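Biologist: I would like a close look at one part of this model, taken slowly and with the residues spelled out.

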Amino acid sequence: MPYDVAREDFGFPRFARDFPRDPELDRLVVAFTRGDYATVRTGAPKLAAETKDEAVANAARTLGERIQADPTAKLLFAATAALLAFLTLWWIAHDGPPPGSTKEPKTIEYVK
């Protein structure tokens, strides 16, 4: 998909509209628009390191940062996993009658 067509497309990222024109950067922006984050993940750092134009390097870095996970989301995911592990262990440890209990469970009788 040519860059100009993608620029006019509804799904084109607003943050990339002011990026400088560069063929490799244009290719990465189109890949980002399509959801091809693997191409962006490998191409953005490479372009930022190889280009001599500082504006293109900054745009490539910005594009690479946009596909990174939010640090707050990582923290919340870790907290959720820890809570799930704690509740699972608690359930395993506290399921059933206490050890040494001689009391039999109540029997439920169904009467017609």
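At what angle do helix α3 and α4 cross, and within what distance do their axes come?

Modeller: This is a predicted model, and what follows should be read with that in mind. Helix α3, which covers residues 37-50, crosses α4 at roughly 155°, and the two axes come within 8 Å. An angle over 145° counts as roughly antiparallel, and α3 is therefore roughly antiparallel to α4. The crossing of these two helices is left-handed. On the α3 side the contact is made by V40, A44, L47 and A48, while α4 contributes V56, A57, A60, R61, L63 and G64. Sorted by class, the residues of this contact of α3 with α4 comprise eight nonpolar, one polar and one charged.

Helix α4, residues 54-65, also packs against helix α2, residues 23-34, and here the angle is about 15° with the axes 11 Å apart. Because angles under 35° count as roughly parallel, α2 and α4 are described as roughly parallel to each other. As α2 passes α4, the crossing is again a left-handed one. The residues that make this contact are L25, L28, V29 and F32 from α2, together with V56, A59, A60 and L63 from α4. In the contact of α2 with α4 there are eight nonpolar residues, with no polar and no charged ones.

Taking the two contacts of α4 together, V56, A60 and L63 are named in the contact with α2 and also in the contact with α3.

Conventions: Residues are numbered from 1 along each chain as its sequence is written. This is a predicted model: local features need pLDDT of at least 70, side-chain atom pairs count only at pLDDT 80 or more; totals for chains, interfaces and linings use all residues. Side-chain values use heavy atoms; hydrogens and water are left out. Axes are lines fitted to C-alpha atoms, for helices over the stretch in contact, and angles run from 0 to 180 degrees between N-to-C directions. Helices (H or I, at least four residues) and strands (E, at least two) are DSSP runs, numbered from the N terminus. Angles under 35 degrees count as roughly parallel, over 145 as roughly antiparallel, 65 to 115 as roughly perpendicular and the rest as oblique. A crossing is left-handed if the near helix is turned anticlockwise from the far one by less than a right angle, and right-handed if clockwise. Contact means heavy atoms within 4.5 Å. Ala, Val, Leu, Ile, Met, Phe, Trp, Tyr, Cys and Pro count as nonpolar, Asp, Glu, Lys and Arg as charged, and the others, Gly among them, as polar.
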